[in-house]
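Me: I would like to learn how to read a structure one feature at a time. Could you take me through this one?

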Amino acid sequence: WIIRPNPKAADWEVGGATLPDLSLLPQAQRSSTTGNYRLVLSVQPGDLFILNTRSWYHQTKLEAPASSDEAAAVSVSLARDFYLPTPAR
């Protein structure tokens, strides 16, 4: 996964949240076209990755197979919308 924050997302303005500084994280890479930082995350079989797609731009990228057995393998990604209620303030 390659993700970067959506600076226009309202989620960054709630409860004192701020846009994260990705440059401080070891998974951060700087885009050669925009100069902005993004996170490159590796997800392994069995991992559960949850992402708020309103707050983060996202892209998936598969690594090249290392063997012919891996080349025949299937990759599946499942997306599901869900809502976690927050307590009233």
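**Reading the features**

Reply: S31 touches N36 and R38, once residues up to four places away in sequence are set aside. Keep in mind throughout that this is a predicted model.

Me: Where is S31 placed, and is S31 buried or exposed?

Reply: S31 sits in the loop between β2 and β3. Its relative accessibility is 11%, so S31 counts as buried, the limit being under 20%.

Me: Let us turn to the core. Which residues make up the largest nonpolar core?

Reply: A nonpolar core is read as a set of buried nonpolar residues joined through side-chain atoms within 4.5 Å. Here the largest one has seven residues, namely I3, A9, W12, L22, A28, L39 and W56.

Me: What is L22 in contact with, leaving aside its neighbours within four places in sequence?

Reply: With those neighbours left out, L22 is in contact with I3, R4, P5, A28, Y37, R38, L39 and W56. Of these, I3, A28, L39 and W56 are also listed in the largest nonpolar core.

Me: Where is L39 found, and is L39 buried or exposed?

Reply: L39 belongs to strand β3. With a relative accessible area of 8%, L39 is buried. Leaving aside neighbours within four places in sequence, its contacts are W1, I2, I3, L22, L25, Q27 and A28.

Me: Now charges. How many salt bridges does a search of the whole structure find?

Reply: Side chains of opposite charge can pair when their charged atoms come close. In this model the search of the whole structure finds one salt bridge. R54 forms a salt bridge with D11, and the closest N and O atoms are 3.5 Å apart. R54 is in the loop between β3 and β4 and D11 is in the loop between β1 and β2, so the pair ties together parts that lie 43 residues apart in sequence.

Me: How accessible are the two partners, R54 and D11?

Reply: R54 is exposed, at a relative accessible area of 59%. D11 is partly exposed, at 24%.

Me: Which side chain makes a polar contact with the side chain of D11?

Reply: The side chain of S55 does, at 2.6 Å. S55 is placed in the loop between β3 (37-40) and β4 (56-59). At 2% relative accessibility, S55 counts as buried. Beyond its neighbours within four places in sequence, S55 is in contact with R4, P5, N6, A9, D11 and W12. A9 and W12 are also among the residues of the largest nonpolar core.

Me: Where is L19 found, and how accessible is L19?

Reply: L19 lies in the loop between β1 (2-5) and β2 (28-30). Its relative accessibility is 43%, so L19 counts as partly exposed, which is the class between under 20% and over 50%. Apart from neighbours within four places in sequence, L19 is in contact with P5, N6, P7 and W12.

Me: How do I read separation in sequence against separation in space?

Reply: Take the two values for a pair together. L19 and P87 are 68 residues apart in sequence, and their C-alpha atoms are 23 Å apart in space. For L39 and G15, 24 residues apart along the chain, the C-alpha atoms are separated by 24 Å. For G15 and K61, 46 residues apart along the chain, the C-alpha separation is 33 Å. A64 and K8 are 56 residues apart in sequence and 34 Å apart in space, C-alpha to C-alpha.

Me: Where are G15 and A64 placed, and are they buried or exposed?

Reply: G15 is in the loop between β1 and β2, and G15 is exposed, with a relative accessible area of 66%. A64 is in the loop between β4 and α1, and A64 is exposed, with a relative accessible area of 68%.

Conventions
Residues are numbered from 1 along each chain as its sequence is written. This is a predicted model: local features need pLDDT of at least 70, side-chain atom pairs count only at pLDDT 80 or more; totals for chains, interfaces and linings use all residues. Side-chain values use heavy atoms; hydrogens and water are left out. Buried means under 20% relative accessible area, exposed over 50%, partly exposed in between (1.4 Å probe, protein chains only). Contact means heavy atoms within 4.5 Å. Helices (H or I, at least four residues) and strands (E, at least two) are DSSP runs, numbered from the N terminus. A polar contact is a pair of N or O atoms within 3.5 Å; within protein, one must be able to donate a hydrogen and the other to accept it, and residues adjacent in sequence count only if both atoms are side-chain atoms. A salt bridge is a side-chain nitrogen of Lys or Arg within 4 Å of a carboxyl oxygen of Asp or Glu.
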